[in-house]
Amino acid sequence: RGQVVVMTAPHIGNTGVNDEDPESQRIWVNGFVVRNPSPIASNWRSRRSLDDEMRAQGIVGVSGIDTRAVTRHLRERGAMRVGLFAGDAASRPVDELVSQVLASPSMVGADYVDDVTTPQPYIVPALGNKRFTVAALDLGIKRMTPVRMAERGIEVHVLPASTSIDELLARGTDGVFFSNGPGDPSTAAHATELARGVLAAERPFFGICFGNQILGRALGFGTYKLKYGHRGVNQPVMDRATRRVDITAHNHGFAVDAPLDRISDTPFGSVEVSHVCLNDDVVEGLRALDVPAFSVQYHPNQIGRAHV
């Protein structure tokens, strides 16, 4: 939400779009940049082309861009604001277009949680024998996340971001989960207060991605915007306890500012950095030692493992 995505692979759209895999009810990205869009969609599950889906949802896209050059530019200078202009708008002087881009909101201070959260609570029932009941705070949750929990015997109550602490604890009798989501975690004051309420109640807490950042802020750590975020499915993350390395999926532009060289004292007891990115030493997970709480920055769908 609020971002333009540049794809580094050249041929995008060759498998088309199906109705089984989408993780949300809509495409949230504000713009999409590719080099060579595939002229055909070739997959037995495909129902329509990527171009048709983007047009139907009103998503702006542009092709014919040297995306490798754009990537090198971003890797040197960091993520930045951008504008996509077409028609009469594109005929204006370049200085005017640049001024309009620079006047657009920054991701720092951006609050998108209310845009993406579910408007109403819903339940994903456990598959097979029900073992636990978990409340999932929807900060921008992916559709398959509660499904994967349900496959493990968990009944998941997915709740809006505006949920009260009383309802959150009442719904999450066995645990509380904070999902991924967009924007600057420093703006998510209500979610941070909810996390503090869960920690104070000593209810088991688990968060991923944005939820990891919210846990960090609830524990008293700061967060900051990365020069360029972690994107893609090939990010190496080491579990510091076992030294196992997972090759993980990331999509985040902010990170938790917690010390790597020591266990930290927080209002909720001792906390350690449990996981770290091997590319740049960014905090990738937190583990509380005195209350039942932990989180990871990545999306837990490991595609490979190693030991170092």
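In helix α8, the residues F210, G211, N212, Q213, I214, L215, G216 and A218 are buried, where buried stands for under 20% relative accessible area, exposed for over 50% and partly exposed for what lies in between, with a 1.4 Å probe and protein chains only. Because eight of the nine residues of this helix (residues 210-218) are buried, α8 is largely enclosed by the rest of the structure. Just after α8, G220 takes a positive phi of about 105°.

This is a predicted model, in which local features need pLDDT of at least 70 and side-chain atom pairs count only at pLDDT 80 or more, while totals for chains, interfaces and linings use all residues. Residues are numbered from 1 along each chain as its sequence is written, and side-chain values use heavy atoms, with hydrogens and water left out.

The chain has eight helices and 17 strands, which are DSSP runs (H or I of at least four residues for helices, E of at least two for strands) numbered from the N terminus. The mean pLDDT, the predictor's confidence in each residue from 0 to 100, is 92 for the chain, and 97% of the residues score at least 70.

| Element | Mean pLDDT |
|---|---|
| strand β17 (residues 305-307), lowest | 53 |
| strand β9 (residues 175-178), highest | 98 |

Where pLDDT is low, the predicted coordinates should not be read in detail.

Of the 308 residues of the chain, 42% count as buried. Among contacts (heavy atoms within 4.5 Å) with a separation of 6 or more, 72% join residues 24 or more positions apart.
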